[in-house]
Amino acid sequence: MKWNNRIIILFCLVTALLAGCTTEEPYVSSAVIKDTQNAIESDTVDGMVEREQLEQVYVYVCGHVNNPGVYRLEQDARICDALELAGGVSGDGAGEALNQAEHVTDGQTLYVPGIQDMVKHTEESTEDGLLDINSAEKEDLLALPGIGESKADTILAYRSEHGPFNKIEDLMNIPGIKEGVFQKIKPYIKVS
């Protein structure tokens with residue numbers, strides 16, 4: 001009887017093993033597995049690169065800084081960070097002309113005027129200390145907070161094409177100068 005039990009147990013084991021061997025698993029080429037892994041890795045890398053690009057801005061820092069140029073910063077960076085990348089304000093620069101706590105924006109020009117520019121601006125201002133935007137030159141406009149070279153050029157071009165401004169609010173007719181920029185410079189300007 002012992003042999004019969006052993007034969008039955010052996011028969012069950014062999015049957016179980018054979019049943020396991022006949023189960024077919026789908027054949028998947030190693031090339032398909034590799035392509036799938038590469039696609040997943042590629043999507044992950046592309047997603048990271050896209051996200052990284054969206055989180056960065058480029059700013060042109062010029063004027064009285066030690067290393068003028070275009071710099072890449074994090075999206076939430078501030079003007080002081082851009083100035084630091086540009087080697088800081090040069091000895092003859094007037095860094096206080098910029099609100100260094102302000103966030104930078106993509107494509108922004110940060111012009112640091114010179115101390116002499118600020119002195120000239122102060123001397124040319126009237127007794128009330130306000131800049132007349134109808135007679136201001138580019139250097140004067142650059143001394144205003146939020147006004148870079150391109151906005152200064154645009155103001156001058158608009159003024160030469162349309163004539164003098166009737167009121168300071170007319171600045172908001174210029175592309176790129178909307179309520180936010182206007183509110184920054186409003187306390188410093190006038191028309192006559």
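This is a predicted model: local features need pLDDT of at least 70, side-chain atom pairs count only at pLDDT 80 or more; totals for chains, interfaces and linings use all residues.
Colleague: Let's start with the overall layout. How many helices and strands does the protein have, and how do they run from the N terminus on?

Modeller: The secondary structure comes to seven helices and five strands. From the N terminus on, the elements run α-α-β-β-α-β-α-β-α-α-α-β. Of the 192 residues, 31% count as buried.

Colleague: Why is Gln-108 called buried?

Modeller: Gln-108 has 16% relative accessibility, and buried means under 20%, so Gln-108 counts as buried. This residue is found in strand 3. Not counting residues up to four places away in sequence, Gln-108 touches Tyr-58, Val-59, Tyr-60, Ile-79, Glu-102 and His-103.

Colleague: And what makes Pro-164 exposed?

Modeller: The relative accessible area of Pro-164 is 60%, and the cut-off for exposed is over 50%, so Pro-164 is exposed. Pro-164 lies in the loop between helix 6 and helix 7. Leaving aside neighbours within four places in sequence, Pro-164 is in contact with Asn-134 and Arg-159. Pro-164 and Ser-192 are 28 residues apart in sequence, and their C-alpha atoms are 9.0 Å apart in space.

Colleague: Why does Asp-128 count as partly exposed?

Modeller: Its value is 45% relative accessibility. Buried is under 20% and exposed is over 50%, so Asp-128 falls in between and counts as partly exposed. Asp-128 has its place in the loop between helix 4 (115-124) and strand 4 (131-132). From Asp-128 to Tyr-188 there are 60 residues in sequence, with a C-alpha to C-alpha distance of 9.7 Å.

Colleague: How do you know that strand 1 and strand 3 pair, and in which sense?

Modeller: Pairing needs at least two bridges between the strands. Strand 1 (residues 56-63) and strand 3 have five bridges, in the parallel sense, so they count as paired.

Colleague: What about strand 1 and strand 2: in which sense do they pair?

Modeller: Strand 1 and strand 2 pair in the antiparallel sense, over six bridges. Tyr-60 stands opposite Val-70 in strand 2. A hairpin of five residues joins strand 1 to strand 2.

Colleague: What makes strand 2 and strand 3 the edge strands of this sheet?

Modeller: The sheet is open, with three strands in the order 2-1-3 and mixed pairing. Strand 2 (69-74) and strand 3 (108-112) each pair on one side only, and that makes them the edges. Neighbouring strands of the sheet are turned by 30 degrees against each other on average, direction ignored.

Colleague: Which residues have the most contacts inside the largest nonpolar core?

Modeller: They are Leu-141, Ile-147, Ile-155, Leu-171 and Ile-189, in a core of 21 residues. Helix 5 (138-142), helix 6 (149-162) and helix 7 (179-185) each give two or more residues to this core. There is also a second, separate core of 15 residues, which includes Tyr-71, Ala-77, Ala-86 and Val-112.

Colleague: Which element gives the largest share of the lining of the largest pocket?

Modeller: Strand 3 does, with four residues. About 260 Å³ of space lies in this pocket. It is lined by 18 residues, and the closest to its centre are Gln-108, Thr-109, Gly-146, Gly-148 and Lys-151. The elements that give two or more residues to the lining are strand 3, helix 6 and helix 7.

Colleague: One last thing about contacts between residues at least 6 apart in sequence: what percentage join residues at least 24 apart?

Modeller: Among those contacts in the protein, 45% do.

Definitions and conventions: Residues are numbered from 1 along each chain as its sequence is written. Side-chain values use heavy atoms; hydrogens and water are left out. A nonpolar core is a set of buried Ala, Val, Leu, Ile, Met, Phe, Trp, Tyr and Cys residues joined through side-chain atoms within 4.5 Å. Buried means under 20% relative accessible area, exposed over 50%, partly exposed in between (1.4 Å probe, protein chains only). Axes are lines fitted to C-alpha atoms, for helices over the stretch in contact, and angles run from 0 to 180 degrees between N-to-C directions. On a 1 Å grid over the protein atoms alone, a cavity is a set of points where a 1.4 Å probe fits but cannot get out, and a pocket is an open set with protein on both sides within 12 Å along at least five of seven lines; lining residues have an atom within 4 Å of a point. Grid points are joined across faces, edges and corners, and a volume is the space filled by probe spheres set on the points. Contact means heavy atoms within 4.5 Å.
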